[in-house]
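Dear colleague,

I am passing on the structure we spoke about, together with notes on what turned up in it. Please read the notes with the model open beside them.

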Amino acid sequence: MHPSRFHRRDFLALLGSLGATALAQAVPALALAETATPEGAGASDPWMTDFDAALLRHDWSLGWRTPAGDLKGVAKVEGKFPAAVTGVLYRNGPAGHDLGGLRYHHWFDGDGMIQRFEISQDAVLHTGRFVQTDKRIAEVGQGRRLVEAFGTKLPDRIAVTSPDTLNTANTSVLLLNDELLALWEGGSAVALDPVTLATRGVKTWRPDLKAMPFSAHPRVDRDGVVWNFGVGSTKDVLIVYKIGAKGDLQRAELVPVKDVPMIHDFAMTERHLVFLMPPLVIEAERLMTSSFLDAHRWRPELGMRVLVIDKDDFGRRSEFELPAGFLFHLGNAWEDDAGQIRVNYVRADQPDFIFGDARLVMRGRYQSTPATKLAVATLDLKSGRATQEILPIEAEFPRIDYRFNGKRYRDVFHITLALDGRPGFAAVAKTNIETGANERYEYGRSRLVEEHVFVADGSGPGWLIGTSLDVTSGLTVLSCFSAADLASGPVAVATLPYALPLGFHGNFQRT
Ligand SMILES: [Fe+2]
C-alpha cells in the first residue's frame with residue numbers, strides 16, 4: 001500500500017492505538033495539563049479591569065464586549081433590500097468572553113453566538129443566541145470557566161474526555177440539509193435549528209469520527225458536495241472529509257503530514273484540494289505549560305508548504321513550497337489545461353495578528369501590525385514549481401461568487417483599509433485578481449467592518465451583504481451593495497438597536 005494512503009481500516013486502527021485518553025492529544029485544542037498555570041484565573045483578573053477601562057477610552061473596544069445574553073431586535077431600515085437578498089444571513093463569532101470575573105486572553109476563545117438576520121425588502125429582524133455547547137452549559141451552570149481555551153491557559157476543573165469538552169462552536173456556519181451547523185475547528189460541528197437557533201447537539205458524521213476536528217471552512221462544490229478537513233496537530237495528520245449534499249458522509253480519510261501546522265482554511269479546484277501550510281507548528285511538550293496557541297512555534301525555515309490532494313484519490317498528492325508566510329483565509333483556486341493551479345489567499349509575512357492584536361484587543365489594547373495583503377500563487381503540477389505575486393491591496397475575509405468555486409474567476413470581495421490608531425478594517429472592496437483593479441466603499445473611521453458575503457441574483461451581477469459596527473453610535477449595521485458598484489455605497493441599510501460583538505464568518509440562505 002502507498003505509505004501515504006489511509007483507508008477506513010487504518011483510520012480505525014489509528015484511533016484505536018490512540019486510546020480513549022490519548023485521543024485528546026491527536027487533535028487541536030486539547031492542550032491538557034493538570035498543572036496548568038492559573039494565570040488570569042483569579043477573581044481580580046487584570047484583563048477584565050483593563051478592558052473595562054478601555055471601554056471608556058477607546059470606542060473600538062465595544063467590538064469585544066460580552067453581550068449580557070441572547071438578543072432579539074428589529075432593525076431600522078433605510079432603502080430597500082433587493083428581492084434576491086430576502087432570506088437569512090447567519091453569522092458566527094466569539095461572544096462569551098467573560099465569565100465569573102475572568103476574561104479570556106484571546107479573541108478566538110469566546111463562546112460562540114449565532115447572529116440571525118431575517119431580511120425582507122423593508123424589514124430586518126435580528127436574533128442572537130449563544131450556542132449551547134456542553135462547555136457553555138457546564139461553565140455557565142457553575143458561573144466560572146472549567147476548561148482551558150485556544151489562547152488562554154487555565155486549569156481544567158472537569159475531566160476533558162474529548163475535544164468537544166472544549167468546543168466553543170464560535171467560528172462559522174454551514175447550512176446543510178436544513179440544518180444549521182455552528183463550526184469550530186478543533187472538534188465537532190454543532191447542529192442548531194436554523195429558525196430558532198436552538199442547539200441540537202454535536203454532529204457525528206460516523207461513529208469512529210466522533211469529536212474529530214472539523215474545520216470552520218468547509219468548501220461546497222457546485223454539485224452541493226461539501227469538502228472539509230481537520231488538523232490532528234500532534235499526530236501529524238490531516239483528516240479529509242467528503243460529505244454529500246444531503247449531509248451523508250461519503251469519505252473520510254487520514255492524510256499524514258509531517259509537522260502539520262495550524263491550518264485554518266483551504267481551497268479547491270475542480271480536481272484538487274489545496275492546503276497552504278504556514279510554518280506555525282505545534283510542539284507537543286509545550287502543551288503542559290502553554291495554551292494551545294502558545295505551544296506553537298514559528299518555523300520559517302519550513303517555508304509555506306503547499307499540499308495538493310486529488311479529490312478522487314487522497315493518496316495522489318503533490319507538494320510545493322512558497323516563501324514562508326502566514327494566512328488564515330483563501331479566496332478560491334482553479335486550474336488550467338496546462339496543469340497550473342492558481343490559488344489566491346490573504347497573506348502576512350508573520351503570524352503577528354494571532355499572537356498580537358487578537359490577544360491585545362481583549363484587554364483594550366492595540367499595536368499596529370502590517371496589514372495582510374491579497375496574494376496569488378501559481379502551482380505548476382508538471383514541474384512542481386510554485387511562484388506567487390503579492391498584490392499591494394490590504395485584505396481580510398475574502399469571499400467570491402460561490403458559483404465559481406473551483407473555477408476560473410476574477411473578482412474577490414474582501415474587507416480592506418487598516419487605519420492608524422485602531423484595529424480592524426474600515427472599507428469593503430472588490431479586487432480583480434488578474435488585473436489588480438480595485439473598487440471600494442469606505443465606511444469610515446467610526447466603523448469596524450466585518451465579512452461581506454456574495455448573494456447571487458440570476459444572471460445579474462449580484463449583491464454583497466455584510467455587517468459593520470458603528471463604534472460612535474454603538475450600533476451594528478447590516479448593509480447591502482450592488483456587487484457591480486460598491487463605490488456608490490449601500491442600496492439598503494439596516495441598523496440594529498444594539499451592538500453585536502465582532503464575529504468572523506457567515507453565510508446567506510435565500511428564502
Ligand atoms: Fe476563518
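Which residues in the largest nonpolar core touch the most other members? They are Trp64, Phe108 and Ile354, in a core that counts 44 residues; a nonpolar core here is a set of buried Ala, Val, Leu, Ile, Met, Phe, Trp, Tyr and Cys residues joined through side-chain atoms within 4.5 Å, where buried means under 20% relative accessible area, exposed over 50% and partly exposed in between, with a 1.4 Å probe and protein chains only.

Before going further, please keep in mind that this is a predicted model, in which local features need pLDDT of at least 70 and side-chain atom pairs count only at pLDDT 80 or more, while totals for chains, interfaces and linings use all residues. Residues are numbered from 1 along each chain as its sequence is written, and side-chain values use heavy atoms, with hydrogens and water left out.

Helices (H or I, at least four residues) and strands (E, at least two) are DSSP runs, numbered from the N terminus. Leaving aside residues up to four places away in sequence, Phe108 touches Pro94, Phe150, Asn170, Phe328, Phe353, Ile354, Ala358 and Phe504, contact being taken as heavy atoms within 4.5 Å. Apart from this core lies another, of 24 residues, which include Met113, Ile465, Leu478 and Ala494.

The metal site deserves a careful look. The iron ion is coordinated through the NE2 atoms of His217, His264, His329 and His505, at 2.0 to 2.1 Å; donors are N, O and S atoms within 2.8 Å of the metal (3.2 Å for Na, K and Ca), and because water is not among the atoms, sites may look incomplete. The angles subtended by the four donor atoms run from 91 to 164°, which makes the arrangement irregular. For that label, four donors count as tetrahedral if all angles lie between 85 and 135 degrees, four count as square planar and six as octahedral if opposite donors are over 155 degrees apart and all others between 65 and 115, and anything else is irregular. Along the sequence the donor residues follow the spacing H-x46-H-x64-H-x175-H. His264 lies in the loop between strand E15 (249-256) and strand E16 (267-268), and His505 in strand E34 (residues 505-510), so the pair ties together parts that are 241 residues apart in sequence. Both His264 and His505 are buried.

Two open sheets may also interest you, with strands counted as paired if DSSP finds at least two bridges between them. Strand E14 (residues 237-243) is joined to E15 by seven bridges, and Ile239 has Leu254 in E15 as its bridge partner. The other has four strands in the order E16-E17-E20-E21, again with antiparallel pairing, and its edge strands, E16 and E21 (313-322), each pair on one side only. Strand E17 (residues 272-277) and strand E20 (residues 304-310) pair over six bridges, with Val274 opposite Val308 in E20.

Finally, the whole structure holds 38 salt bridges, a salt bridge being a side-chain nitrogen of Lys or Arg within 4 Å of a carboxyl oxygen of Asp or Glu. Arg219 forms one with Asp265, the closest N and O atoms being 3.2 Å apart, and this pair links strand E12 to the loop between E15 and E16, 46 residues apart. Arg219 is buried at a relative accessible area of 11%, as is Asp265 at 2%. Asp294 and Arg359 meet in another salt bridge (3.1 Å, N to O), which links the loop between E18 and strand E19 (296-298) to helix H5 (residues 357-360), 65 residues apart. Here Asp294 is partly exposed at 25% relative accessibility, whereas Arg359 is buried at 15%.

With best regards
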